[in-house]
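Subject: Structure handover

Hello,

Here is the structure for you to look over. My notes on it follow below.

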Amino acid sequence: MLAYYKLLSLRQLFMPKAFAGARAQNMQRVIETVNRRVDRNTDRKDFLHYILAAMETEKGMSRAEMNVNAFSFSIAGSESSATALSAFTYYTLSRVSVYDRLVAEIRGTFDAYEQIDIPSTAQLSYLNAVLQEMLRIYPPVAVTLPRVVPVNGAVIDGDFVPAGVTVGVNHFACYHDPRNFHRPQEFLPERWLPECQAQGPFSKDCQKSCQPFSFGPRNCLGKNLAWAEMRLIAAKLLFLFDMEIDETSRGWTDGQKVFGFWVKPPLFVKLMQRGC
C-alpha cells in the first residue's frame with residue numbers, strides 16, 4: 001500500500017522491527033544457501049544447474065538476480081504446497097465419506113508403494129477432484145493478485161478501465177460466491193467429477209472462475225510441479241497410513257487470517273500404519 005501511494009520512503013517508520021528482521025533473516029538464509037550450492041561441484045540438475053550453465057552467455061544471471069529468484073522459489077515453491085497439503089489433510093479427514101472414497105481409490109489402484117509415481121497419480125480422478133475442491137475452498141494464495149491495465153486501457157466486464165489502473169480478482173471472494181458455485185461454503189469434491197458436471201446442481205457451477213494458480217501468461221510457472229507434488233504426497237500418505245484428525249484440531253480453519261499466505265495454527269493428526 002505504501003508503494004501504491006508512493007510513500008515507500010516512509011516504510012521504515014511503519015514497518016514493525018520484528019517483520020523487517022524476520023524478512024532479513026530469511027533473505028540471508030537464502031543467500032547462504034545459494035552460495036553453498038554455487039561453491040559445490042555437483043552434476044545434480046537442479047534450478048541453479050541451468051542458471052550456472054548459462055553464466056557464460058548473455059542469458060546468464062548476476063549473483064543478485066540469483067539470490068532474488070531463489071528467495072521467490074523458497075516462498076512460492078514451499079509455503080504454497082505445504083499450505084495446500086495441510087488444507088487437504090484437514091478437509092479430507094473432516095468428511096468421513098470423502099476420506100473413505102479417496103482411500104479406496106488409492107489403495108484399489110496401487111498394489112505396492114513403488115507403483116505410485118507422478119504419471120499414475122495424475123489418473124486418479126477422485127484425488128484430482130478432492131485437490132481441486134481444496135484449492136477452491138481454501139486457496140493457498142487467497143488474496144488478490146494485482147495486474148496493471150495496459151496502454152490504451154481495457155474494457156473489463158463491460159466497463160472501460162484507464163491505462164495504469166491496478167486491477168485484480170480476489171480468489172477467496174470469487175470461490176465463495178454463490179453466483180459461481182453451488183453451496184460454496186461446503187467442501188464437496190463431487191462438484192469436479194464429470195458425471196456431476198453434466199447434470200445436477202453442480203452443472204451450473206462456473207468452474208472457469210476457479211483459477212488458484214492465476215490466469216494467463218503471468219500465471220504460476222510452478223503450477224505443474226505443484227500439482228505433481230500434491231498428488232504424489234497425498235497418494236503415498238494415504239497408501240501407507242490410516243489417518244484421523246485429533247479432536248484438538250476440529251475447526252482448524254475457524255478464525256484463520258491471511259496475509260498473502262494463511263496464518264495456520266498447528267494441525268494435529270493421528271497416523272497409524274496401514275493394517276495395524
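I start with a helix pair. Helices α5 and α8 pack at an angle of about 110 degrees, with their axes 10 Å apart. Axes here are lines fitted to C-alpha atoms, for helices over the stretch in contact, and angles run from 0 to 180 degrees between N-to-C directions. That makes α5 roughly perpendicular to α8. On this scale 65 to 115 degrees counts as roughly perpendicular, under 35 as roughly parallel, over 145 as roughly antiparallel, and the rest as oblique.

From α5, the contact takes in Ala-84, Ala-87, Phe-88, Tyr-91 and Thr-92. Across from them, α8 supplies Leu-127, Val-130, Leu-131, Met-134 and Ile-137. Contact means heavy atoms within 4.5 Å. By class, the α5 contact with α8 has 9 nonpolar residues, 1 polar residue and no charged ones. Ala, Val, Leu, Ile, Met, Phe, Trp, Tyr, Cys and Pro count as nonpolar; Asp, Glu, Lys and Arg as charged; the others, Gly among them, as polar.

Some ground rules. This is a predicted model, in which local features need pLDDT of at least 70 and side-chain atom pairs count only at pLDDT 80 or more, while totals for chains, interfaces and linings use all residues. Residues are numbered from 1 along each chain as its sequence is written, and side-chain values use heavy atoms, with hydrogens and water left out.

Confidence next. The protein averages a pLDDT of 90 (the predictor's confidence in each residue, from 0 to 100). A score of at least 70 is reached by 97% of the residues. Helix α8 (residues 125–137) has the highest confidence, at a mean of 98. Helix α1 (residues 11–14) has the lowest, at 74.

Overall layout. The protein has 11 helices and 8 strands. These are DSSP runs, numbered from the N terminus: helices are H or I with at least four residues, strands are E with at least two. The C-alpha trace spans about 55 × 55 × 40 Å along its principal axes. Of the 276 residues, 34% count as buried. Buried means under 20% relative accessible area, exposed over 50%, and partly exposed in between (1.4 Å probe, protein chains only). Among contacts with a separation of 6 or more, 67% link residues 24 or more positions apart.

Helix α5 (residues 79–94) has 16 residues and reaches 22 Å between its end C-alpha atoms, close to the 22 Å expected. The expected span is 1.5 Å times one less than the number of residues. Of the 16 residues in α5, 12 are buried. Among them are Ser-80, Leu-85, Phe-88, Tyr-90 and Leu-93.

Helix α8 has 13 residues and reaches 18 Å, close to the 18 Å expected. Of those 13 residues, 12 are buried, so α8 is largely enclosed by the rest of the structure. The buried set includes Asn-128, Gln-132, Glu-133 and Arg-136. The buried residues of α8 pack against α5, α6, α7 (118–121), α9 (171–175) and α11.

Helix α6 (residues 96–109) has 14 residues and should span 20 Å; its end C-alpha atoms are 20 Å apart, which agrees. Val-98, Tyr-99, Leu-102, Val-103, Glu-105, Ile-106 and Arg-107 are buried in α6. The buried residues of α6 pack against α5, α8, α11 (223–240) and β5.

Thr-89 counts as buried because its relative accessibility is 13%. Beyond neighbours within four places in sequence, Thr-89 is in contact with Met-243, Leu-267 and Val-269.

Met-243 sits in strand β5 (residues 241–245). Its relative accessible area is 10%, so Met-243 is buried. Not counting residues up to four places away in sequence, Met-243 touches Thr-89, Leu-93, Tyr-99, Leu-237, Leu-238, Val-269, Lys-270, Leu-271 and Met-272. Met-243 and Val-167 are 76 residues apart in sequence and 42 Å apart in space, C-alpha to C-alpha.

Last, two backbone points. Lys-6 is not a glycine, yet has a positive phi of about 55 degrees. Lys-6 lies in the segment before α1 and is exposed, at 73% relative accessibility. Asn-152 is not a glycine either, and its phi is positive at about 80 degrees. Asn-152 is in the loop between β1 (147–148) and β2 (154–156). Its relative accessible area of 68% makes Asn-152 exposed.

Best wishes
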